[in-house]
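Trainee: I want to learn the terms used for a protein model. Please take me through them one at a time.

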Amino acid sequence: MIGAGYVGLTTGACFASLGYNVCCVDIDEGRIADLEKGIMPIYEPGLAELMVESRKAGGLRFSADIGASVADANFVFLAVGTPSTTDGDIDLSFVVSAARGIAQHLPDNAIVVIKSTVVAGTAKAVAEIISSDRAGRRITVASNPEFLREGSAIADFRNADRIVVGADDEGTARSMKELYRPLTERGIPFVATSTIDAELIKYAANAFLALKIGFINDVANICENAGGDVTAVAKGIGLDQRIGPAFLQPGPGFGGSCFPKDTRAFAATGKRFGAPQPLIETLINCNENRKNDLAHRILEVLGARGQAKTVTILGVAFKAETDDVRESAALSIIPILQRGGVSVRAHDPKAQAPARRMLGAGAGVEWHDDLYTAVNGADAVAVLTEWDDYRRMNLSRVADLMNGHHLFDFRNLFKPEKAICHGLVYHSLGRAVGRAEKMKAYAQGGGGPALIEVAASPL
Ligand code: UDX
């Protein structure tokens, strides 16, 4: 497994737990040294324990020597990063450098498997690179995209909806099917395609999932202004088998290392192949605008700049159960609030350190390890990540500790009537009265706890 990151470590540990001998390789010698000592470079629930178990069984080891690590390999997975380039396409330099790093050392019958999310045609290009570095001795390159969600990656590996393998010859497809037999014999569908189709499946899947999220965020906006309840609308449409209930939860806009990057890459792929993707291009803009819109909802309510206000952000990870902050809503919303004259405090159960690194030392954010000290004296509190810590927090205590009354729940963790009974002016997404009424109630209430009529709904 070349690349000891979110995908490589999880996939490597899971393959080891199936009884295979796995070596996780990384060019970062410090990361390999840490892993040898059992120090985890990432937070993924259950991964640390799984790795300890696999290492004890002798099925998992680590190395920084890419050549030696593949010398006796049957399968060499490339699970390196494929970040966005400035024009939204993807940077394949890590894939190419990993391919060149293994080319001379691969046994002739090894199969190279691209696990990284790569644009259509990459497997073929990598096969050419490797063969040219081996004086024409060809090596098969397959595509095996992952569908792991951070925070549930181990379960997503073991209980995958399907295993997609792109192979351009029968023998490779058979070898890959044999590799995944411990999963397919449990009934997980094995989908054998061409490499290009497998590469397109990955992008199309993520683009469609992101589209569902963008759509429900737009529906939430209609509900707010029409006095509807997006939870009821999501339930009503999600029961249609053709739509399904998943990924219909409104939020502050999708983040993470995949959806933002993959939607941009999908749009760029469309342009490259003369088939522009206007739906996805619009989605990308809507998603960025949503983060700006929600930041301005907070600024609108806090009133004109100049009156020094403090806002506490609860949650900077791009979603719960991960320490990953890449393209999280908080990274966009915090600077907008600060430009609006607001002092920002922040808390996150797992992602404080990565967020501090990403925001930079001079970011001017006051970090707190305890959520109640974080909200103490705040004029407003905004929940951006759906951590259970926040779902379970004591709203009465939060209301008592705050200086102001505004709770912005951008993950719809609470029932409006529960929040309001603690004297909070509760702003959520797509529920209770629309924004216009809320603003009127706020203005009439002079900023005090406004009685917001809760639309009759099964909240
Ligand atoms: C995603 C895909 O789900 C996974 O299949 C692929 O392999 C990698 O990319 P991930 O990025 O880890 O996984 O997280 P995911 O759970 O998909 O959430 C992505 C973003 O969408 C997060 O910011 C999340 O908060 C947001 N989201 C998700 C919503 O706003 N609403 C939802 O209903 C679901």
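Trainee: Where does Glu-327 lie?

Mentor: Glu-327 lies in the loop between strand S8 (309-314) and helix H14 (329-339). Helices (H or I, at least four residues) and strands (E, at least two) are DSSP runs, numbered from the N terminus. This is a predicted model: local features need pLDDT of at least 70, side-chain atom pairs count only at pLDDT 80 or more, and totals for chains, interfaces and linings use all residues. Residues are numbered from 1 along each chain as its sequence is written, and side-chain values use heavy atoms, with hydrogens and water left out.

Trainee: Why is Glu-327 called partly exposed?

Mentor: Its relative accessible area is 30%. Buried means under 20%, exposed over 50%, and partly exposed in between (1.4 Å probe, protein chains only). The value of 30% falls in between, so Glu-327 is partly exposed. Phi of Glu-327 is near 50°, a positive value in a residue other than glycine.

Trainee: Asn-412 also has a phi near 50°. Is Asn-412 buried or exposed?

Mentor: Buried, because its relative accessible area is 11%, under 20%. Asn-412 sits in the loop between strand S12 (406-409) and helix H19 (416-420).

Trainee: What makes Phe-15 and Tyr-180 a tilted pair?

Mentor: A search of the whole structure finds seven aromatic pairs. Rings of Phe, Tyr and Trp (its six-membered ring) pair if their centres lie within 6.5 Å; planes under 30 degrees apart count as stacked, over 60 as edge-to-face and the rest as tilted. Phe-15 and Tyr-180 have ring centres 5.4 Å apart and planes at 50°, so this pair is tilted. The pair links distant parts of the chain, 165 residues apart. Phe-15 is in helix H1 (residues 6-17), and Tyr-180 is in the loop between helix H8 (170-179) and helix H9 (181-184).

Trainee: How do you know that both residues are buried?

Mentor: Phe-15 has a relative accessible area of 4%, and Tyr-180 has 2%. Each value is under 20%, so both residues count as buried.

Trainee: Why are Phe-408 and Phe-410 called a tilted pair?

Mentor: Their ring centres are 5.9 Å apart and their planes are at 50°, so the pair is tilted. Phe-408 is buried at 1% relative accessibility, and Phe-410 is buried at 1%.

Trainee: What puts Arg-397 over the face of Tyr-372?

Mentor: The rule is that NZ of Lys or CZ of Arg is within 6 Å of the ring centre and within 35 degrees of the ring normal. Arg-397 is 3.8 Å from the ring centre and lies over the face of Tyr-372. Lys-350 lies over the face of Tyr-43, at 4.4 Å from the ring centre.

Trainee: How many residues surround the ligand?

Mentor: 18 residues surround the ligand, and Glu-150 and Arg-411 are among the closest. A residue is near a molecule if one of its heavy atoms lies within 4 Å of it. The largest share of the shell, three residues, comes from helix H10 (residues 195-226).
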